[in-house]
Amino acid sequence: MVTLNETDLLVVRGVQFRDLENLDKLTDQQGAMSGSSLAGRLPQNLFWYGMLRALGCFPNPLQHLFHCFVAEQKPQGTIGGFVQVTPFNTSRSTWKIEQLSVQAQAIQPELVTDPKGMGSQLLRYCFQNVWEARTWVLDVDVNDKNILALYRQNGFQPLAQITHWSLSAELLTSLAQNDPDLPNLLPVSNADAALLCQLDCVSMPPLMRQVFDRHVADFKRRFLSSLLNRWQNWYTHQEEVSGYVFEPQRKAAIAYFKLTLSTDGQQAHQAELTVHPAYTWLYPKLLVKMAQLVQGLPPQALMLESADYQHEREEYLEQLGAQRQQHRLLMSRSVWHKLKETKPERLQLSEVLQGLQPLPRTPIPSRMSLLNLPLKSQKDRPDNQDKQVNLGHEDLPENGHHI
């Protein structure tokens, strides 16, 4: 049994190949605090683990595909917890905590919320060692009070409440009978990245826009990422369909959707939906279009998310008969890294005062006036020169005073 005194002997380090078996066990327990489970995504052999570590040694799109830190208990050498983090945008100014798991949570919940516990030490290690991150984000279940206390204690503040909705297969079948009437629905390509970036910025509040810090490059698909995504979809029997609605008058994108279809019917369909706040009437049309795309596949529900600042979407889904599945809280934290000042070593006083050495004084040019200059003819007269040279007591008047 782990005690509070033993948590002072924790050592947080990068994940190693010998830790994979323990990580697999931790993901199966109830200690998973946030994000999706890591099970099934761990490298199962030394070859894949070596490839992932090799990709993390140089800049590439897959550099942070497997970025984990573990908390090792000394002197037992057991793994007490781990945290997985990934960049949230291409500039890597914002990072996301995908999953945080602690082994002793079910035994002693105070180890999670304690400032010296494993959870806090894992978070602080990420804050101190990931220098690129200026903002951290995560999402957690609103009903998990202990985990909310852990994140609030480490500086995370709530941004928005995310609701997961489920549209049943019967509801999708009834929606597919309608006509979407979307004449300007276009497929998505890298050439449309600027339009999608502008739509994403307009559709969210300013605070979330600042936290997400998305740019045009975030909406472009690189070759390696696209290739990996296609291989993953083939392996998991999934297919992606995306499109956006173009407004010809404003020359802007006013809606975007991305649909992940389950071709084997083993899991629910996933949907991402972004709509311009001034075009909320597109919600029914886009849902009808997505309902038509899932027809012909094994019947499964459609999962869709909505935030608390998207009131029209939540009202429409509730009127439509969608079911609320889960409530999660989106949180963020800012990090400012202090630059360490280096002290000069073996520096002589003469070297310090080298910049204070006297310099030859140079005349400063000023404005010249012809009125203040004497005339050359008067200055060069011989009588004036004689008067200046022979000026003495004989020039005084008889009374002894100057003239």
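This is a predicted model: local features need pLDDT of at least 70, side-chain atom pairs count only at pLDDT 80 or more; totals for chains, interfaces and linings use all residues.

**A buried aspartate and its partners**

Modeller: Asp 139 has a relative accessibility of 14% and therefore counts as buried, since the limit for that class is under 20%.

Asp 139 has a salt-bridge partner in Arg 328, with 2.6 Å between the closest N and O atoms. Arg 328 belongs to strand β12 (residues 323-334) and Asp 139 to strand β5, so this pair ties together parts that lie 189 residues apart in sequence. Arg 328 is itself buried, its relative accessible area being 11%.

Lys 96 also meets the side chain of Asp 139 in a salt bridge, at 3.6 Å from N to O. Here too the pair connects distant parts of the chain, with Asp 139 in β5 and Lys 96 in strand β4 (residues 94-102), 43 residues apart. Lys 96 has a relative accessible area of 21% and is classed as partly exposed, whereas Asp 139 is buried. Taken together, Lys 96, Asp 139 and Arg 328 are linked in a network of salt bridges. As a general point, side chains of opposite charge can pair when their charged atoms come close.

Strand β5 covers residues 135-141, and Thr 135 is placed in it. With a relative accessibility of 12%, Thr 135 counts as buried. The C-alpha atoms of Thr 135 and Lys 96 are separated by 8.6 Å, although the two residues are 39 apart along the chain. Leaving aside residues up to four places away in sequence, Thr 135 touches Ser 93, Thr 94, Trp 95, Val 211, Ser 332, Arg 333 and Ser 334.

The structure holds eight salt bridges. One of them joins the side chains of Asp 200 and Arg 214, at 2.8 Å from N to O. This pair, too, links distant parts of the chain: Asp 200 lies in helix α7 (residues 193-202) and Arg 214 in the loop between α8 (206-212) and α9, 14 residues apart. Asp 200 is buried at 9% relative accessibility, while Arg 214, with a relative accessible area of 28%, is partly exposed.

The loop that carries Arg 214 runs between α8 and α9, and α9 may be described next. Helix α9 has 13 residues and spans 18 Å from its first C-alpha to its last, close to the 18 Å expected at 1.5 Å a residue. Within α9, Ser 226, Asn 229 and Asn 233 are buried. They cover an arc of only 65° around the axis, which places them on the same side of α9. The cover over the buried residues of α9 includes β8 (238-247). On the other side of the helix, Phe 223, Trp 234 and Tyr 235 are exposed.

Leu 224 is also in α9, which comprises residues 223-235, and its 40% relative accessibility makes it partly exposed. Together with Phe 223 and Leu 227, Leu 224 forms a nonpolar patch on the surface, with about 330 Å² of accessible area in total. Just after α9, His 237 adopts a positive phi of about 60°.

Methods. Residues are numbered from 1 along each chain as its sequence is written. Side-chain values use heavy atoms; hydrogens and water are left out. Helices (H or I, at least four residues) and strands (E, at least two) are DSSP runs, numbered from the N terminus. Buried means under 20% relative accessible area, exposed over 50%, partly exposed in between (1.4 Å probe, protein chains only). Contact means heavy atoms within 4.5 Å. Patches are made of residues with over 30% relative accessible area and no salt bridge: like charges are joined within 9 Å, nonpolar side chains (Val, Leu, Ile, Met, Phe, Trp, Tyr) within 5 Å. Accessible areas come from the Shrake-Rupley method with a 1.4 Å probe; for residues, only the protein chains shown count as cover. A salt bridge is a side-chain nitrogen of Lys or Arg within 4 Å of a carboxyl oxygen of Asp or Glu. The expected span of a helix is 1.5 Å times one less than its number of residues. The arc is that of the directions from the helix axis to the C-beta atoms.
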